[in-house]
Amino acid sequence: MPQVAGRGLVAAYQALHYGPSVQLRDGRGAGRHVLWPASWKVCAQDPETGTPLQDRKVTLLVVKNDESCQP
């Protein structure tokens, strides 16, 4: 798993080569859906950086670009 936390969502998808199953979670807990990935950034990731991705699901905690990752 590459380091994608701190990147824009589009860059995170590119780093993941669009391959693994990626689930997005709203970092604000509001249940918002990502309709325009360029407007979002990654605050946290699971699994951690360096973990092999073989058949693993990836979960990214995301917020809008103008929002802080801190609650």
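Arg 28 comes out as partly exposed, its relative accessible area being 34%; on the scale used here, buried stands for under 20% relative accessible area, exposed for over 50%, and partly exposed for what lies in between (1.4 Å probe, protein chains only). The model is a predicted one, so local features need a pLDDT of at least 70 and side-chain atom pairs count only at pLDDT 80 or more, whereas totals for chains, interfaces and linings use all residues. Residues are numbered from 1 along each chain as its sequence is written, and side-chain values rest on heavy atoms, with hydrogens and water left out.

The partner of Arg 28 is Glu 67: their side chains meet in a salt bridge at 3.7 Å, N to O. Arg 28 sits in the loop between β1 and β2 and Glu 67 in the segment after β3, so this pair ties together parts that are 39 residues apart in sequence. Glu 67 itself is buried, at a relative accessible area of 17%. A salt bridge here is a side-chain nitrogen of Lys or Arg within 4 Å of a carboxyl oxygen of Asp or Glu.

Glu 67 also forms a salt bridge with Arg 32, where the closest N and O atoms are 2.9 Å apart. That pair again links distant parts of the chain, with Arg 32 in the loop between β1 and β2 and Glu 67 in the segment after β3, 35 residues apart. Arg 32 is partly exposed at 27% relative accessibility. Its side chain meets that of Asp 26 in a salt bridge too (2.9 Å, N to O), and Asp 26 is buried, with a relative accessible area of 10%. The structure holds 3 salt bridges, and Asp 26, Arg 28, Arg 32 and Glu 67 are linked in a network of them.

Now for the sheet. It is open and built from 3 strands in the order β1-β3-β2, with mixed pairing. Its edge strands, each pairing on one side only, are β1 (22-26) and β2 (40-46). On average, neighbouring strands are turned by 35° against each other, direction ignored; axes are lines fitted to C-alpha atoms, and angles run from 0 to 180 degrees between N-to-C directions. Strands are DSSP runs (E, at least two residues), numbered from the N terminus, and two of them pair if DSSP finds at least two bridges between them.

β2 pairs with β3 (residues 58-64) in the antiparallel sense, over 6 bridges. Asp 46 stands opposite Thr 59 in β3.

Notes:
Helix = DSSP H or I, 4+ residues; strand = E, 2+ residues; numbered from the N terminus.
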